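Open the structure in your viewer and keep the selection tool at hand. The stops below run in an order that can be followed by residue number.

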Amino acid sequence: MKPIPFVSARLTPKALSAGLIGFIILVCISLILATAWQMKQSAAERLSAAEMGVTNIVSAAEQQAQDTVRQADNKLRDLVERVESDGIDRPQRLRLHKLMSRDVAIMKGIQGLFIYDEYGNWVTNSFSLDDATKNNSDRDYFIYHRENRDTSIHIGSIIKSRTTGEMIIPVSRRIQHGDGSFAGVALATIPVSYFQSFFERMAVDDKGVIFLALDNGDLLARRPTIGALMMTNISKGEIFSRYLPQGDKGTAILTSVVDGIKRIYAYRRLQGLPIVTAAGLSYESVFASWWTYAYRSFVIVGLIISALVVLGVVLYGQVQKLLKAERQLNIARGELEVLAQTDSLTGIANRRCFDVALKRAEVHSRRNGERAGLILLDIDWFKQYNDTYGHVVGDECLKKVARLIQANTNRSSDLVARYGGEEFVILLPDTDQAGTLGVAEAIRSAIFKAGIEHSASPLGVVSISAGVLSTGFSEGQSGAESLVEVDRLLYRAKSLGRNRVGVE
């Protein structure tokens, strides 16, 4: 199976280091983004749960207010009908007193029932007939009914009861004469404490809030209660100024105009009544446990990222050490390769290197039809030289001869190698017989003229003998056969008296 280039290709050291760093960064960023997304989802779920919870609280508060006000209104309808039908003479007042007293005793949330004549005098009530001399013509609800022909229910702002001293919410209806003129007011009072007590049972945090208010913003009841409840108007708050004009119910995150606390609110306008109920859970309380979870999660992520960074640094260091070791190994391998192809004494190519080069030249020649020159040379009477001067001096002689040979082979493609002992071989690619002979003569002449002392030689100086051949491997002659032939020519030169070049 053919390997996939991308998979099989080896990364460069720089790419490997960059890849490692990039991978660590990618893992860290992915971990941060995943945790941030999880935190966002968790926050959204918490917010949704808080909105649902506060909406349920508002629904319960709305139902309580609806039931209480509708109960009071039903009784007021009955009282208005009785007064308008039967009048308010003495016997009627007594019957109404008993009826209202009995009803207040069994109705939850109703503090008292009252009937006033057209001048505001107390006609009868659920408390006692002794209070009949009192007058309430100065109350806002009385003035409203006197000046408006509207016979529907009216809910007023908080007032202080003149009977009990409690804070109450007045719920009233207009009484009319047969001709439609104003005849008085029927009133039911609901103590603020009744709603306050109900609110206290709701699952709201310490900084949460529940309230009832008129649609003009006047507060009717609130948890937690405030001292200036009667005088507090929240119409400038965003629920009244921004959200209620757009719809009768909803949720919003707002900062209270009363206490400045940020809360998640649900609000609703009571159907058919001028009352708004709302509840809010403090933003701080809703997200308190979430923040604990978030801090813990980010601490864990931070520790993981720190561990990854430390691991990355360690791995990066190890990678750099491995790369350094690999570079040193490559250098050593290169040096070994050079040593494997270099003669340790003379510093020129050795027999192994020459054999490889000869095969390469043979292949090249067969493909392109080019000729190659071979020179095999030998130092004359070298055994006698060693016997006379010793092997150390003999080695120095070999080095000098090698340098002289190299000095007379100028092309970079020419190869000078030590063939063995005192023998040297030269490969001259793309060189004919005349060129090969010229190089051989130049080398022989240079060595002889160098005048290296050789007292055991008849010539008195070191000389060489050489065999020269220009071969065309494309003609069928192999490298080995060419070496045999040039060796024959070398010994021919020696047999003819040495210090000469043997050619065919």
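Helices (H or I, at least four residues) and strands (E, at least two) are DSSP runs, numbered from the N terminus. This is a predicted model, in which local features need pLDDT of at least 70, side-chain atom pairs count only at pLDDT 80 or more, and totals for chains, interfaces and linings use all residues. Residues are numbered from 1 along each chain as its sequence is written, and side-chain values use heavy atoms, with hydrogens and water left out.

**Stop 1: Ser463**

Select Ser463, in the loop between α12 (433-450) and β15. Is Ser463 buried or exposed? Ser463 has a relative accessible area of 1%, so it is buried; buried means under 20% relative accessible area, exposed over 50%, and partly exposed in between (1.4 Å probe, protein chains only). Now show what is in contact with Ser463, where contact means heavy atoms within 4.5 Å. Leaving aside neighbours within four places in sequence, the contacts of Ser463 are Asp378, Ile379, Asp380, Trp381, Ile447, Phe448 and Asn499.

**Stop 2: strand β12**

Select residues 372-379, which are strand β12; eight of its eight residues are buried. On one side of β12 these are Ala372, Leu374, Leu376 and Asp378, and on the other Gly373, Ile375, Leu377 and Ile379, so that both faces are covered.

Strands of a sheet pair through backbone hydrogen bonds, either parallel or antiparallel. With strand β14 (residues 423-429), β12 pairs in the antiparallel sense over seven bridges; Leu376 has Val425 in β14 as its bridge partner. With strand β15 (residues 464-471), the antiparallel pairing of β12 runs over eight bridges, and Gly373 has Ser470 as its bridge partner there.

**Stop 3: the five-stranded sheet**

Which strands form the open sheet, and in what order? The order is β8-β7-β11-β10-β9, with antiparallel pairing. The edge strands, each pairing on one side only, are β8 (219-223) and β9 (249-255). From one strand to the next, the twist averages 20 degrees; axes are lines fitted to C-alpha atoms, for helices over the stretch in contact, and angles run from 0 to 180 degrees between N-to-C directions.

Zoom in on strand β7 (residues 209-214), which four bridges join to β8 in an antiparallel run. The bridge partner of Ile210 in β8 is Arg223. Then select residues 192-200, helix α5, which lies across β7 and β8 and runs at about 30 degrees to β8.

**Stop 4: Thr232**

Thr232 is found in the loop between β8 and α6 (238-243). Thr232 counts as buried because its relative accessible area is 14%. Beyond neighbours within four places in sequence, Thr232 is in contact with Gly217, Asp218, Leu219, Ile226 and Val258.

**Stop 5: helix α2**

Finish with residues 13-86, helix α2. Ile21 lies in helix α2 and is partly exposed, with a relative accessible area of 40%. Ala49 is also placed in helix α2; at 48% relative accessibility, Ala49 is partly exposed. Select Gly421 along with Ala49: the two are 372 residues apart in sequence and 97 Å apart in space, C-alpha to C-alpha.

How values were computed. Pairing = 2+ DSSP bridges.
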